[in-house]
Amino acid sequence: LESLLVLPYLKSGARVVDVGSGAGLPIIPCLLARPDISATLIESSPKKGVFLREALKSLQLDERATVTSNRFERMPSPEAEAITCRALDRFEILLPRLIEWAPVSCVLLLFAGESIEFQLKTMQLPFETVSVPTSDRRQLIILKPS
């Protein structure tokens, strides 16, 4: 259910890019809850990409979502109103690249802990946080365009 925390930050009809989609969280629950949004799921693992395509197909979401098996940093900046990310290997290292890669006008919705929050403060970027229910450490970080 924590995936649904991003819903209030997605504009009507939003195009969302989910980086490091893995098991489809947070984007698949969001697609189920909001039929007005569309998504691109970026997953570097080909095996996970196959799983995501099958999951989208079985949930009849494949008309509104596509899967790309690639690393986000090897792709051009997407056309999107929002970028979500729940789990990314080497998140602290890739965070500056993710911010630079994101379109200027989009909101970044990042599930992370204190280390990412500290890093954003160090980068002097404005953001807000929402605590993830039943978690002492994880939160949703909302990084809006400047």
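# Briefing on a predicted structure

Both Phe 72 and Trp 101 are buried, where buried means under 20% relative accessible area, exposed over 50%, and partly exposed in between, with a 1.4 Å probe and protein chains only. This is a predicted model, in which local features need pLDDT of at least 70 and side-chain atom pairs count only at pLDDT 80 or more, while totals for chains, interfaces and linings use all residues. Residues are numbered from 1 along each chain as its sequence is written, and side-chain values use heavy atoms, with hydrogens and water left out. Helices (H or I, at least four residues) and strands (E, at least two) are DSSP runs, numbered from the N terminus.

**The aromatic pair**

- A search of the whole structure finds 1 aromatic pair, a term for rings of Phe, Tyr and Trp (its six-membered ring) whose centres lie within 6.5 Å, with planes under 30 degrees apart counted as stacked, over 60 as edge-to-face and the rest as tilted.
- The ring centres of Phe 72 and Trp 101 are 5.2 Å apart and their planes stand at 65 degrees, so this pair is edge-to-face.
- Because Phe 72 lies in the loop between β3 and β4 (82-85) and Trp 101 in helix α3 (residues 91-101), the pair ties together parts that are 29 residues apart in sequence.

**The strands**

- β1 is mostly covered, with 4 of its 5 residues buried.
- β1 and β2 run parallel and are joined by 5 bridges, strands being paired if DSSP finds at least two bridges between them; Val 17 has Thr 40 in β2 as its bridge partner.
- β1 also pairs with β4 in the parallel sense, over 4 bridges, and here the bridge partner of Asp 18 is Thr 84 in β4.
- β4 in turn pairs with strand β5 (residues 107-112), again in the parallel sense and over 4 bridges, with Cys 85 standing opposite Leu 110 in β5.
- In a regular strand the side chains alternate between the two faces of the sheet. From β4, Ala 82 and Thr 84 point one way and Ile 83 and Cys 85 the other way, and all are buried.

**Helix α2**

- The 13 residues of helix α2 (residues 46-58) should span 18 Å at 1.5 Å a residue, and the end C-alpha atoms are 18 Å apart, which agrees; the expected span is 1.5 Å times one less than the number of residues.
- Gly 49, Leu 52, Ala 55 and Leu 56 are buried in α2. They cover an arc of only 125 degrees around the axis, which puts them on the same side of α2, the arc being that of the directions from the helix axis to the C-beta atoms.
- The buried residues of α2 are covered by elements including α1 (27-33), β2 (38-42) and β3 (65-68), whereas the face turned away from the buried side carries the exposed residues Pro 46, Lys 47, Lys 57 and Ser 58.
- α2 is followed by Gln 60, whose phi is positive, near 60 degrees.

**Cysteines and Ser 3**

- A search of the whole structure finds 0 disulfides, a disulfide being a pair of cysteine sulfur atoms within 2.5 Å.
- Cys 30 is in no disulfide, and the nearest cysteine sulfur, that of Cys 85, is 13 Å away; Cys 30 is buried, with a relative accessible area of 1%.
- The sulfur of Cys 106 is 12 Å from the closest cysteine sulfur, in Cys 85, too far for a bond, and Cys 106 counts as buried at 2% relative accessibility.
- Ser 3, in the segment before β1 (15-19), is buried with a relative accessible area of 4%. Not counting residues up to four places away in sequence, Ser 3 touches Leu 25, Pro 26, Pro 29, Cys 30 and Phe 111, where contact means heavy atoms within 4.5 Å.
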